[in-house]
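User: I would like to go through the terms used for this model and see what each one rests on.
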Amino acid sequence: ESYYFDLLQAMLNHYDFEVAIQFGEIGRKRFPASAQIALATGVAYYGAYQTDAAIDAFLASLALDPATEQPYSFLARLIDNAHDKLPAITQRFVEYQEKTPGSYLGYFLHARALIAASQDPEQAESLLRQSISLEGKYWESHYRLGLLLEKKRALAEAEKEFRRSTELNPQ
C-alpha cells in the first residue's frame with residue numbers, strides 16, 4: 001500500500017495526473033480500505049479537472065477515514081460544481097461539524113453546503129459567524145459572510161467582512 005501511495009505522490013509532484021489516476025485506480029482496487037490512496041486518487045482527478053470522479057474519490061476517502069481534513073477542503077473547492085453529489089457532500093460536512101464542535105472548519109463547511117444548495121441563508125450566516133468566532137483569521141469565512149450580507153443588503157456590514165477578508169488574504 002505504501003508503495004502505491006508513494007508512486008501516486010511522485011506522479012502528483014510531477015503533475016502527471018493521468019498516470020496518477022491510472023495507478024490510483026489500481027491501488028484503490030488492491031487496497032479498498034486505504035483512505036490515503038483514495039485521497040491521492042481524488043487529488044489526481046482534481047488536477048485533471050475531472051470533477052465528478054474527484055468528488056467520488058474524496059467522498060470514498062472520507063467514508064474510510066472521516067477525521068482527515070484534506071478531503072473536506074477539496075470538496076469545499078468543488079462544491080459549486082457538485083450538482084447531484086451535493087446532498088452527499090452536505091451530509092459529510094454536517095457530520096464533520098457535529099464531530100468537531102470546537103473547529104471553525106466544520107461550521108464553515110456546513111455553511112458552504114447550505115450556500116451551494118441555496119438553502120437557509122440565515123443558518124449559513126449563523127454558521128459562518130460561529131466559524132469566525134472560533135478562528136477569526138480564516139479569510140474565506142469573512143468573504144462568504146460578506147457575500148451573504150451583501151445579498152441581504154446589509155452593505156456596511158458586508159463591506160466590513162470583505163475588508164477583513166482582504167486584509168487576511170490580499171489575493
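Analyst: Of the 47 residues in the largest nonpolar core, those touching the most other members are Leu12, Ile55, Phe58, Leu75, Ile89, Phe93 and Leu109. Helix H7 (residues 104-116) gives the largest share of this core, seven residues. The model is predicted: local features need pLDDT of at least 70 and side-chain atom pairs pLDDT 80 or more, while totals for chains, interfaces and linings use all residues. Residues are numbered from 1 along each chain as its sequence is written, and side-chain values use heavy atoms, without hydrogens and water.

User: What makes a set of residues a nonpolar core?
Analyst: Its members are buried Ala, Val, Leu, Ile, Met, Phe, Trp, Tyr and Cys residues joined through side-chain atoms within 4.5 Å. Buried means under 20% relative accessible area (1.4 Å probe, protein chains only). Of the 171 residues of the chain, 44% count as buried.

User: Why is H5 called oblique to H6?
Analyst: The axes of H5 (residues 70-78) and H6 (residues 86-99) cross at roughly 135 degrees and come within 11 Å. Under 35 degrees counts as roughly parallel, over 145 as roughly antiparallel, 65 to 115 as roughly perpendicular and the rest as oblique. Therefore H5 is oblique to H6.

User: Which residues of H5 and H6 meet?
Analyst: Tyr72, Leu75 and Ala76 in H5 meet Ile89, Arg92, Phe93 and Tyr96 in H6, where contact means heavy atoms within 4.5 Å. By class, this contact has six nonpolar, no polar and one charged residues.

Notes
Axes fitted to C-alpha atoms, helices over the stretch in contact; angles between N-to-C directions. Helix = DSSP H or I, 4+ residues; strand = E, 2+ residues; numbered from the N terminus. Nonpolar A, V, L, I, M, F, W, Y, C, P; charged D, E, K, R; others polar. Buried < 20%, exposed > 50% of the residue type's maximum accessible area, 1.4 Å probe, protein only.
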